[in-house]
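Subject: Structure handover

Dear colleague,

I am passing on the structure we spoke of. Please open it alongside this message.

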Amino acid sequence: MDTTLLLTLSSMAKRPCPSQNPTIQNPNLDFDMDDHIDHLLETILLRQYSPPTDSSLAPSSSSYSSSIDLSFERLLDSRTSDSDQTQLIDRAMGLGTLLLEAGKRSARKRASKHNSLAWALPPDLTIKVFSMLDTQSLCYAAATCSMFNKCAIDPSCYANLDLTTDVPKVNNAVVSTMIHRAGKSLQSLKLGVVQGPNVLAGSCQPLVYTIRNSVEVSNFSWNDKRSRQGKESSILTRSCLSPLVGDNGAPGTLLRRLHLYNIERMDNTSLCGALTACPSLLDLEIVGLHVELRQTLMSVSANCHLIERLFFESSKTGRDDSLKSPTCVEFVNNCPNLNSLALRGFKLHDYKVRILVKGFRKLKYVDFSTSYSITGTFLRNLGSSIGGNLLEFLILRDCMHLKEVEVARLLTTIITGDFKYLRTLDISNREGLASESDWYDRCYTSSVIPIKQMLDARPDICLLAEFPSEGSYIEIDQMFESELNSDISLPSQLSSHTSDGSMFMSFSESSYNSDHGSGNEDGRDAGFVVFEESSDEVDFIVV
């Protein structure tokens, strides 16, 4: 083996530059040295180890290794000093590392060039394709090769980020990296823990995922999560949305869609701070966050004037009574484009709900499922007035205090011609409807509600009216005791109906844990003028 290469490369590292050694006058020395190295590499890699033309005479790889070992041993033996031998070994290892890295770099360059020639699409179309991938698939593509990686770095590929998982896997660092990659191109961000693909958007199935009311997904244990909290390996904190505010709010400037699911450490301050950086927000979905309805609506009213859809499900069903009438009025006045509103699991009074439904003139979708204190009086004269006549979906499933008489009045108005655009009506209640005199008295079957007449008059309406069998309602004393020992939990099942829109009666033995009254009697805000709801009611919403 020609060992001159070892000494030559090592001596090059110690060769002084011409400015430090004035005795060096030859400007072509560097070129001569490069030629010398090229010659040595060619000698070792091409001549000495190139296999003969006749394959039968080709030496095995083991003979190459033995030859190198023997040559290197002879070189070591020629050095009498132990320090010289150590230095020679270090130089050999360094040279091997340099050759290995050079080989890897050249292989990557060749592979990248090959991929560029073999890949049919130009970079701009490749980026376009990558921008249509989901976030996880995009990351897989970026790890495939350097060519794909260069295309996947383009900010437009991260315009729609979906970082939701069925168990906690994503932490703040991942969110920050993805948002910074998107930059001003960010248009959609979905973040948090969801139950899984079986939960349909817009369904009545609760999406809240909490420690007490947890859903078993992939055998995940919240005890495992607690044991990992110190490592913060996969836990989102209250600051997970702070990158939206960074760079003077640039990442959130063009954000259109923000969906947040079961981020337990998120609080009012963090959420409201993030919303201040999202003036272009059109779609906001919040599920299972420990934030107040009132503060959230105030922040949306102040910062998100273009919003068209709001879906908000409380983390503690029936406990959030923070909403005030002035907040409703401000929300209506500042967000006139809202056409879809879902407030699920909150304690809402009829007069506040009426402000919202009548105030939003473009409203087509309304969902107050599992909400407390709604009796249904807000529906009076709603279908013939501006602000309610455009409703296409009205979801009142499992509203604890919804009264039978108000439902009957609603269906009667539909028969007479109101709610002309209504296509879906859900009045199902797993505990039956409340009677007129006392909400403790539940109605399971009713001759008062003109269901058949309404279906005959409006066959285009899909009516969901699922009620339990009579007597399945929980005893009041048991309900009180249950409320003291557990958080409120109102899971409901996604309803189904026949193809011809006929009523489907189902049976259920589950029940509510609720407060002990509708709250409409004394729940109104002090000092705020509210007109009684009647046939000649006066609206007081500022237009």
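Predicted model: local features only at pLDDT ≥ 70, side-chain atom pairs only at ≥ 80, totals over all residues.

Strand 6

Strand 6 covers residues 340-344, and five of its five residues are buried. The cover is on both faces: Ser340, Ala342 and Arg344 are buried on one side, and Leu341 and Leu343 are buried on the other.

Two strands pair with strand 6. Strand 5, residues 309-313, runs parallel to strand 6, with five bridges between them. In that pairing Arg344 of strand 6 has Glu313 opposite. Strand 7 is also parallel to strand 6, here over three bridges. Ser340 has Tyr365 of strand 7 as its bridge partner.

Positive phi

Two residues are worth a look for their backbone angles. Asn381 is not a glycine, yet its phi is positive, near 55°. Asn381 sits in the loop that runs between strand 7 (365-367) and strand 8 (393-395). Its relative accessible area is 35%, so Asn381 is classed as partly exposed, the range between the 20% and 50% cut-offs.

Phe419, again not a glycine, has a positive phi of about 50°. Phe419 belongs to the loop between helix 15 (404-415) and strand 9 (424-426). Is Phe419 buried or exposed? Phe419 counts as buried because its relative accessibility is 1%, and the limit for buried is under 20%.

Largest pocket

The largest pocket holds about 390 Å³ of space. It is lined by 13 residues, and those closest to its centre are Gln136, Asp162, Leu163, Thr164 and Thr165. Helix 6 (135-142), strand 1 (160-165) and helix 8 (172-182) are the elements that each give two or more residues to the lining. Strand 1 has the largest share of the lining, with four residues. Sorted by class, the lining residues are five nonpolar, four polar and four charged.

Regards

Conventions: Residues numbered from 1 in each chain as written. Heavy atoms only, no water. Buried < 20%, exposed > 50% of the residue type's maximum accessible area, 1.4 Å probe, protein only. 1 Å grid on protein atoms, 1.4 Å probe; cavity = no way out; pocket = protein on both sides within 12 Å on 5 of 7 lines; lining within 4 Å. Points joined across faces, edges and corners; volume = space filled by probe spheres on them. Nonpolar A, V, L, I, M, F, W, Y, C, P; charged D, E, K, R; others polar. Pairing = 2+ DSSP bridges.
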